[in-house]
Amino acid sequence: MTTNLEQTIEEQFETLQILNVKGEIVNKSADPQLSDDELKELMKRMVYTRIWDQRAISLNRQGRLGFYAPVAGQEASMLASEFAMEKEDWLLPSYRDIPQMVWHGLPLVKTFLYSRGHFEGGKIPDDVYTLMPQIIIAAQCTQTAGVALGLKKRGKKNVAFTYFGDGATSQGDFYEGLNFAGAFNVPAVFISQNNRFAISVPVEKQSATKTLAQKAVAAGIKGIQVDGMDPLAVYAAAKNARERAINGEGPTLIETLTYRYGPHTMAGDDPTRYRTEDLDSEWELKDPLVRFRIYLENKGLWSKEIEDEVVETAKEDIKKALKEADQIPKQKVSDLINNMYENLPQNLQEQLEEYRKKESK
Ligand SMILES: Cc1ncc(C[n+]2csc(CCOP(=O)(O)OP(=O)(O)O)c2C)c(N)n1
Ligand SMILES: [Mg+2]
């Protein structure tokens, strides 16, 4: 019998892989054919981001940064997909997707200010097409449907890209966003980074589906599952989704199979309580930087010297941005009150005056 619907849907969702763990091309026809310069640029971004992640973790531990959600392990999933975006494509990130914001044009200093909860970190320059990181799980999915509808109505040849986790696909907003995007045939790309856990809850406990990509089926949109540790597969899927969106062929849901090597955030999460060493080791072998490095070295495009230079640049940039962030006047209580409303209610007006008096002493 071939009428087992569940089976036939799941069979449609094979994982796209182009570069295997040994850095070999295993799917030549799907190779996105990036130029040598593009390949090097993408590797540069991944190495730079790994260094930045390590620095952010230690700065957090020293009390010099605030909120931070580690990204190591997810570099291909994050950066190879952002690499497919054009400057005026809109980005709707989650709290973990700070690297995409930076590679989409946000100055590093802004991310440090955001981490410290400073309002200056929330002022996005007009020529950077990103919203602030979304903390409410999956809320960016409904917002993306709206942003993409706006782009369509204005006749723009641009796309809205959003990022969220595996856990987010259990939320109502995820289904609503996808459904709306499908019904209005808007130019949107939904990227579910399946790092296998929603804080401590494994994806198997979140959903009965074998893949998250198949959740696209009910919304009538395209879904694809990719090896999220493979920069070429992630890029190829994102580029293809963008092209389809621009051509009016509708939104896409991309599931990237990935892993976060660190804790959920720096606010006290201990992954050893819910992940085994075996699982960690299994995913360490899939490290996107390792396989991409081998691939590029074999092509004569990468060397220890180039990598050292990138590491040095990253460290210098971080030092400079941190110094800049330190020079911005500390946020005052009056700033907080003043930034909340256009017209302050009476009680807050009184508090504002009270704090201004205190602060001027
Ligand atoms: C609506 C809502 N419910 C709960 C939370 C608390 N919360 C913060 S992160 C998180 C897990 C999200 O997991 P996932 O979507 O897999 O993303 P990841 O952090 O793994 O990137 C939860 C439940 C929240 N921020 N918003
Ligand atoms: Mg997750």
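Visitor: What kind of model is it, and how is it numbered?
Guide: This is a predicted model; local features need pLDDT of at least 70, side-chain atom pairs count only at pLDDT 80 or more, and totals for chains, interfaces and linings use all residues. Residues are numbered from 1 along each chain as its sequence is written, while chains are lettered from A and ligands numbered from 1 in the order in which they are written.

Visitor: Back to glutamine 33. Where does it sit, and what is its phi?
Guide: Glutamine 33 is in the loop between strand S1 (15-16) and helix H2 (36-61). Its phi is near 55°, positive in a residue other than glycine. Helices (H or I, at least four residues) and strands (E, at least two) are DSSP runs, numbered from the N terminus.

Visitor: What about asparagine 185?
Guide: Asparagine 185 has a positive phi of about 45°, although it is not a glycine. The loop between helix H7 (172-183) and S4 holds asparagine 185. Asparagine 185 is partly exposed, with 17 other C-beta atoms within 10 Å.

Visitor: Now the sheet. What is the strand order?
Guide: S1-S7-S8-S4-S3-S2, an open sheet of 6 strands with parallel pairing. Two strands pair if DSSP finds at least two bridges between them.

Visitor: Which strands are at the edges?
Guide: S1 and strand S2 (90-92). Each has a single partner strand, so one side of each is left without a neighbour in the sheet. S2 pairs with S3 in the parallel sense over 3 bridges. Leucine 92 has threonine 162 in S3 as its bridge partner.

Visitor: And S8, what joins it on either side?
Guide: Strand S4 (residues 188-194) is joined to S8 by 6 bridges, running parallel. Phenylalanine 190 stands opposite leucine 253 in S8. Strand S7 (residues 222-227) also runs parallel to S8, with 6 bridges. There, isoleucine 224 has isoleucine 254 as its bridge partner. From S7 the chain crosses through helix H9 (residues 231-246) to S8, a right-handed β-α-β crossover. Right-handed means that, with the strands pointing away from the viewer, the path from the first strand over the helix to the second runs clockwise.

Visitor: Is S8 buried or exposed?
Guide: Buried. That goes for 6 of the 6 residues of S8 (residues 252-257), so the strand is largely enclosed by the rest of the structure. Thr252, Ile254 and Thr256 cover one side, with Leu253, Glu255 and Leu257 on the other.

Visitor: Switching to ligand 1. What surrounds it?
Guide: 15 residues, the closest being Ile137, Gly165, Gly167, Ala168 and Ala198. A residue counts as near a molecule if its C-beta atom, placed from the backbone, lies within 6 Å of it. Strand S3 (160-165) and strand S5 (197-198) each supply at least two residues of the shell.

Technical notes
A residue is buried if 20 or more other C-beta atoms lie within 10 Å of its own, exposed if 12 or fewer, and partly exposed in between; C-beta atoms are placed from the backbone.
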